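Hi everyone, thanks for making time for this one. I'd like to walk you through a single model, so please have a look at it first.

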Amino acid sequence: MFHQMTDPALNDSCTGSTSGCNRSADGDALQLPTFSTAAKVRVIITFSLCAVSAVCNLVVLWAASNGGKRKSHVRILIMNLTVADLLVTFIVMPVDAVWNITVQWQAGDVACRLLMFLKLVAMYSCAFVTVVISLDRQSAILNPLGISEAKRKSKIMLTVAWTMSVILSLPQMFIFHNVTITVPENFTQCTTHGSFVQRWQETLYNMFTFVCLFLLPLVIMIFCYTRILVEISSRMARNNLVSKDVYLTSLPQQHP
């Protein structure tokens with residue numbers, strides 16, 4: 001939403017009733033977003049997924065937290081991933097759904113900054129905790145004798161994952177803010193409009209977020225599970241070779 005107001009030339013012209021506020025970057029009349037049919041479909045789908053996700057993740061969290069007095073490090077990893085999923089369920093999904101309904105931002109500037117920060121924290125934490133699980137599974141397969149150190153390592157990696165999620169999300173609190181136009185009508189939106197001096201700066205920030213949020217976790221997970229697959233395949237090949245040797249040596253020797 002509010003993509004029409006991303007032209008740097010409009011940075012200082014959309015707080016009053018100037019004629020530039022009712023023009024897009026191409027000089028056309030500014031078209032304000034509406035609660036369209038597509039938006040209604042998105043809202044229905046989002047709330048449906050939110051309900052299913054809430055029930056499933058709460059059940060998993062309850063089962064993981066009540067599975068015995070001693071919690072294994074794998075159970076702790078699952079609990080962290082569930083908490084990250086619940087952040088998405090109770091922050092990202094409802095905010096997006098309600099925002100589609102109201103069309104414009106009506107929660108104020110503080111909520112704008114805070115919720116945009118929490119949304120990115122939720123998404124980063126999901127990605128990073130999934131990476132931690134991948135690294136833990138790789139370590140368990142490639143170094144099965146190091147199980148005694150697994151719990152300590154997983155705690156360190158989880159701490160790093162959550163800390164990085166918060167740090168990488170902090171810029172959201174500074175670049176997002178309320179912007180209000182008065183022409184063609186009063187309209188307020190939570191946007192990054194005016195936070196970047198040049199267009200390339202916003203593009204660079206978006207690319208950095210994309211790499212950290214999607215590309216880098218994907219590359220790490222592919223690397224980890226490829227190593228796991230190679231290790232399991234090599235072990236199976238060795239076991240088959242040993243089994244064949246044992247079978248051949250157990251055959252009765254025929255003398256002429």
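Some ground rules before the details. This is a predicted model, so to speak: local features need pLDDT of at least 70, side-chain atom pairs count only at pLDDT 80 or more, and totals for chains, interfaces and linings use all residues. Residues are numbered from 1 along each chain as its sequence is written, and side-chain values use heavy atoms, with hydrogens and water left out.

Let's start with the layout. The protein has six helices and two strands; helices (H or I, at least four residues) and strands (E, at least two) are DSSP runs, numbered from the N terminus. Along the sequence the order is α-α-α-α-α-β-β-α. Of the 256 residues, 35% are buried, where buried means under 20% relative accessible area, exposed over 50%, and partly exposed in between, with a 1.4 Å probe and protein chains only. Take the contacts between residues at least 6 apart in sequence: 73% of them join residues at least 24 apart, a contact being heavy atoms within 4.5 Å.

Now the helices. Among the buried residues of H4 are Ala-150, Ser-154 and Leu-158.

For those who like annotations, an unreviewed UniProt entry lists "transmembrane region" for residues 43-64, 76-95, 115-135, 156-176 and 207-230. Those positions are in the numbering used here, feature names are shortened, and annotations may be inferred rather than shown by experiment. In the model, residues 43-64 are 100% helix with end C-alpha atoms 31 Å apart, and residues 207-230 are 100% helix with ends 32 Å apart.

On the surface, Met-207, Phe-210, Val-211, Phe-214, Leu-215, Leu-216 and Val-219 form a nonpolar patch with about 630 Å² of accessible area together. Patches use residues with over 30% relative accessible area and no salt bridge, joining like charges within 9 Å and nonpolar side chains (Val, Leu, Ile, Met, Phe, Trp, Tyr) within 5 Å. Areas come from the Shrake-Rupley method with a 1.4 Å probe; for residues, only the protein chains shown count as cover. Leu-215 sits in helix H6 (residues 199-250) and is partly exposed at 40%.

How many salt bridges does the structure hold? Three, each a side-chain nitrogen of Lys or Arg within 4 Å of a carboxyl oxygen of Asp or Glu. Lys-119 pairs with Asp-96 at 2.8 Å, linking helix H3 to helix H2 across 23 residues. Lys-119 is buried at 12%, while Asp-96 is partly exposed at 27%. Asp-109 and Arg-113 meet at 2.8 Å; being four residues apart in helix H3, they are separated by about one helical turn. Asp-136 and Arg-137 meet at 2.6 Å.

Last, the backbone angle. Most residues other than glycine have a negative phi. Val-103 has a positive phi of about 70°, in the loop between H2 and helix H3 (108-142), and is buried at 10%.
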